Structures are given as structure tokens and as C-alpha cells.
Amino acid sequence: MDKINVEQMLAIEEPFMKVPLEQLKRAVRQSQKQAERDTKDVSSTVSSLIKRSGSAEAGDINGALDGMIDRLKTLKRKLEVVKQEEALLIQRSKQRAMQLNELSTFTSSTQPEFERWCRTRLDRVLIDYMLRSGHTSTAQQLIDSNGLEHFADSSLFTLVMRIERDLKEQHLCRSTLQWCADNRSALRKIDSSLEFELRLQEYIELIRARNTAEAIVYAKKHLVAWSETQMPRIQRAMTLLAFPPDTPCPPYRAMFDIGRWDTLAQEFRMVIFQLHHLPSQPLLHLLLQTGLSALKTPACISDDDAEHNRNCPVCQRDTLGKLAQDLPLSHHVNSNLVCRITGENMNEDNPPMRLPNGYVYSFNSLNEMAANNSGKVKCPRTSETFGLAECKKLFIS
Ligand SMILES: [Zn+2]
């Protein structure tokens, strides 16, 4: 019973390992590209200097050499920064692998070490939830107080929040477009049209500002490049030129809709999570849903409030019940009798008691009610009052 199912526990930890590895992969690739670009430029300057060595002035040659030295120095500085970032990500991956490896050393779920491990996991899950929801400083406090720096993806979520703010509040695409440029090949691999949507938005904003000439130039430069996959939408975008921003015509009204900015932010979040192998839902929701699915019964989804159990989290429609909305009903071999008053199970320690009017409540609830009400109990359904002695223990066979 107290055996730990390591495999099942590891099944939900994939993002925990993959996020820093993905970031590391990206950092290495970007520094490699930067180095290739700069060294290529330097070698072409050297080749042209050699070619003109006979004719060039000494001053020109010195100037070109100084330029090359400056460029290589800048490259060195950039690579040093990337090297530090790479070392941090390697360290982070190592710490996470060690954390997960610890699971294999536990022999029982009652071990205090295992409980400590679970406590850390709960902290990680809460940090993930808070970072996703924008509660960054609270998350940081939890990270700092428990030394969980290596277990939190703060930098990734800070980037997500910054870009989302630019889109939703500032209505600016610049930072998202820069991110797209830095991740172009990865975006191509997943067939993402995010960059097209951003370009389209910038184009729409030019039309909204009645800047028609500039909008046409912009479309030629940035939308036509997508003609292979987005032709019908480009055609519609071009037709938009003929409509004012307050048009009632449905497809064009939708293009002018300010809500598109929120949609762009959502799409960006979806894409960046996909590239980092992060699930769209917080891990906290997934874990809670696992527990809730075991509790969900037909009574939980009944329209009759009287059937709901006040101690059942699935019955709390405004909170945990929302998370359980799409979950299937759990399979119960045995029925549980639950007291309507206390929400406690009725069993041999807390037997069901039948009131003279036929309604049944738990012994504990009636006993407590009688103790506070001079030996009388009141039926919550009919408001009838009876003496406790009139209630009979119920036997179900
Ligand atoms: Zn319920």
C-alpha cells in the first residue's frame, strides 16, 4: 500500500527536465550562429585586404584591422555571457535530474525523506502556477525562502509576461516579432503562423490609422512572403483597405476587433510553451484533476443542490468543481452513504439514523444538534422537530 510508483510519478515530470534542456539548446545554437556570422565577416575583410594589399593606404588597412579587433572583442564578450548562461542551465538540469533520481532511493511513501521530497514538489508546482498566472514576486519569495532557484523557470515566464504585456496592454508587436526571428527555424518546424498573425496585426493598425500608402508598402514587404500558405487571408487583408475601422461587415469587423491583441497573446503563449515542452495547463491543475476524477459521482453534477455533498470538492461549483467539469465520472464499486448535514460518511462508527418523517442523517450530526437544542433535532428538509430518542438506527443489508 505504501509502495511508491516511481514510473507514474515521473510521467508528469517531463517538462521539469525538458525546459532547461530546450533553453540550453537554444542558447548554444544562438551563440554558434553569432560566432559564425562574425568570423565570416572578419574573414571576408581579411580576404579583401589581401587582395588590395598592393594598392591600399596604410591608414585604411589599420582602420580595417581595428574594426576587426573591435568586432572580435565584442564577440568574445557576448560569448562569455552566453557561456555563463549555459553553465547555469547545465547546473539547473543536473540539479533537477538529481531531484528526480532521489525518487528511486525511497522504499516507502511513509518515509520522512519522501514526505520532504513531496513538499518540495508541492512548492515547485505552486511556483509553476504562480509564475504562469503572473504572481511573479510571490513566486520569487517562495523560491528564495526554500532555495528552489534551480527548480523554477522564472526567466522563461518573465519573458512570457513581458511579451504578453506588450501585446495586450501596449498593442505592440515588436518584441514578439524579435522573439519569432530568434526562433524562426523552430517555428517553421511546428508550422506556426504566429509571425504572419503579428505582421497582419501591424498591417491592420496602419489601416486603422488610415495610413493606406504605408499599409500597402508593408503588405508587399511582410505579407506577400506568406502567399504560399496564407493566400486567402492575404487577399482578405488587401480588401480590408476598402473598409473603415467601424465597418459592420462581419469578416472585416473581426479584423479590426481590438480583442485580436488578446488572441495574439494567447497564441504566443501556446507557441512558446509548445517549443519548451510545457503543458498548456499548470501542473497544479493536472494534479488536482487526478484527485478530483476519483471523487466525481453523478450526485456532484446533479442540478438539485440537495444532492450535493458539502464536504465534496467536486460539488463546489465555483472553485474546484470548475476543474472537474470535463472529467469523467469515477467508477465506484461500493456506494458511500454521506450525511447531508455534515458531509461525513455514515458507517458503523457514525450510523445512519432515520427520523420519524423518513429522512436519514448521521448519528454524529443528530447527536450534536440534540446536545445544543435540549435533546431535540430539527429536520433540515422539512423543519419538523423530533426528540433524539424518536430517531431509529437504520440497518442496510
Ligand atoms: Zn460531489
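Glu22 and Arg26 sit about one helical turn apart, because 4 residues separate them in helix H2 (helices are DSSP runs of H or I, at least four residues, numbered from the N terminus). The two form a salt bridge, with the closest N and O atoms 2.9 Å apart; the term means a Lys or Arg side-chain nitrogen within 4 Å of an Asp or Glu carboxyl oxygen. Bear in mind that this is a predicted model, where local features need pLDDT of at least 70, side-chain atom pairs count only at pLDDT 80 or more, and totals for chains, interfaces and linings use all residues. Residues are numbered from 1 along each chain as its sequence is written, and side-chain values use heavy atoms, leaving out hydrogens and water.

Glu22 counts as buried because its relative accessibility is 9%, and Arg26 is buried too, at 13% (buried is under 20% relative accessible area, exposed over 50%, partly exposed in between, with a 1.4 Å probe and protein chains only). Lys25 joins Glu22 and Arg26 in a network of salt bridges.

Also in H2, Glu14 and Lys18 lie 4 residues apart and pair up at 3.1 Å between the closest N and O atoms. Glu14 has 44% relative accessibility, so it counts as partly exposed; Lys18, at 31%, is partly exposed as well.

Over in helix H4, Asp128 and Arg132 are again 4 residues apart, and their salt bridge has its closest N and O atoms 3.2 Å apart. Asp128 is buried at 14%, and Arg132 is buried at 6%. In the whole structure, the search finds 15 salt bridges.

Key: Helices (H or I, at least four residues) and strands (E, at least two) are DSSP runs, numbered from the N terminus.
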